[in-house]
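Dear colleague,

Please find below the structure that I am handing over to you, followed by an account of what was found in it. I would be grateful if you read the account with the model open beside it.

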Amino acid sequence: MKFLLLFAIRSYWFLIPESKRRQCIFRKSCSNFVYEETFKNGLLKGLSALKFRYQNCASGFIIFDNPIDGKKMMSLPNQQIIQENEIAKRFL
């Protein structure tokens, strides 16, 4: 089953050019993240990563400056905070 998810992601990469794909709010694209998680940790971790990215890679995020060190941070719709090194460069 793990290989079906990996195959689906690789098919997506092959069939849809990068310029036509939806822009991700994370530095590592959603498909790359899910592919790596599935490849390294198996199907269940891959599906969990897919669910997390699907729920949080949408509108509803807020970018703000950390009051302590001034670095950018992002609050996701599920109230999780991610650091500047995980935010896509186009938002910084």
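Helices (H or I, at least four residues) and strands (E, at least two) are taken here as DSSP runs and numbered from the N terminus. On that basis the protein chain follows the pattern α-α-α-β-β-β along its sequence, with three helices and three strands.

Some conventions apply throughout. This is a predicted model, in which local features need pLDDT of at least 70 and side-chain atom pairs count only at pLDDT 80 or more, while totals for chains, interfaces and linings use all residues. Residues are numbered from 1 along each chain as its sequence is written, and side-chain values use heavy atoms, with hydrogens and water left out.

The chain as a whole

The C-alpha atoms of the protein chain fill a box of roughly 45 × 30 × 20 Å along the principal axes. Of its 92 residues, 28% count as buried; buried means under 20% relative accessible area, exposed over 50%, and partly exposed in between (1.4 Å probe, protein chains only). The protein chain exposes about 6700 Å², of which carbon and sulfur atoms supply 58%; accessible areas come from the Shrake-Rupley method with a 1.4 Å probe, and for residues only the protein chains shown count as cover. Among the contacts (heavy atoms within 4.5 Å) with a separation of 6 or more, 49% are between residues 24 or more positions apart.

The helices

Helix 2 comprises the 12 residues 30–41, which at 1.5 Å a residue should span 16 Å; the end C-alpha atoms are 16 Å apart, in agreement with this. The expected span is 1.5 Å times one less than the number of residues. Cys30, Ser31, Val34, Tyr35 and Thr38 are buried in helix 2. They cover an arc of only 130° around the axis and therefore lie on the same side of helix 2; the arc is that of the directions from the helix axis to the C-beta atoms. These buried residues pack against helix 1 (2–15) and helix 3 (43–56). The face of helix 2 turned away from its buried side carries the exposed residues Phe39 and Lys40. Glycine 42, which follows helix 2, has a positive phi near 100°.

Gly46, Ala49, Arg53 and Asn56 are buried in helix 3. Because they cover an arc of only 110° around the axis, they are on the same side of helix 3. Their cover includes helix 1 and helix 2. Leu44, Lys51 and Tyr54 are exposed on the face of helix 3 turned away from its buried side.

The three strands form an open sheet in the order 1-2-3, with antiparallel pairing. Strand 1 (62–65) and strand 3 (81–83) are the edge strands, each pairing on one side only. From one strand to the next, the twist averages 30°; axes are lines fitted to C-alpha atoms, for helices over the stretch in contact, and angles run from 0 to 180 degrees between N-to-C directions. Two strands pair if DSSP finds at least two bridges between them; strand 1 and strand 2 (residues 72–75) pair in the antiparallel sense over four bridges. Across this pairing, isoleucine 63 stands opposite methionine 74 in strand 2, and phenylalanine 64 stands opposite methionine 73. The hairpin of strand 1 and strand 2 has six residues between the strands, and glycine 70 takes a positive phi near 80° there.

Two further residues

Glutamine 79 is located in the loop between strand 2 and strand 3. Most residues other than glycine have a negative phi. Glutamine 79, a residue other than glycine, has a positive phi near 75°. With a relative accessible area of 62%, glutamine 79 is exposed.

Arginine 90 lies in the segment after strand 3 and, at 46% relative accessibility, counts as partly exposed. Leaving aside neighbours within four places in sequence, arginine 90 is in contact with Gln23, Cys24 and Ile25. Arginine 90 and phenylalanine 26 are 64 residues apart in sequence, while their C-alpha atoms are 9.8 Å apart in space.

Yours sincerely
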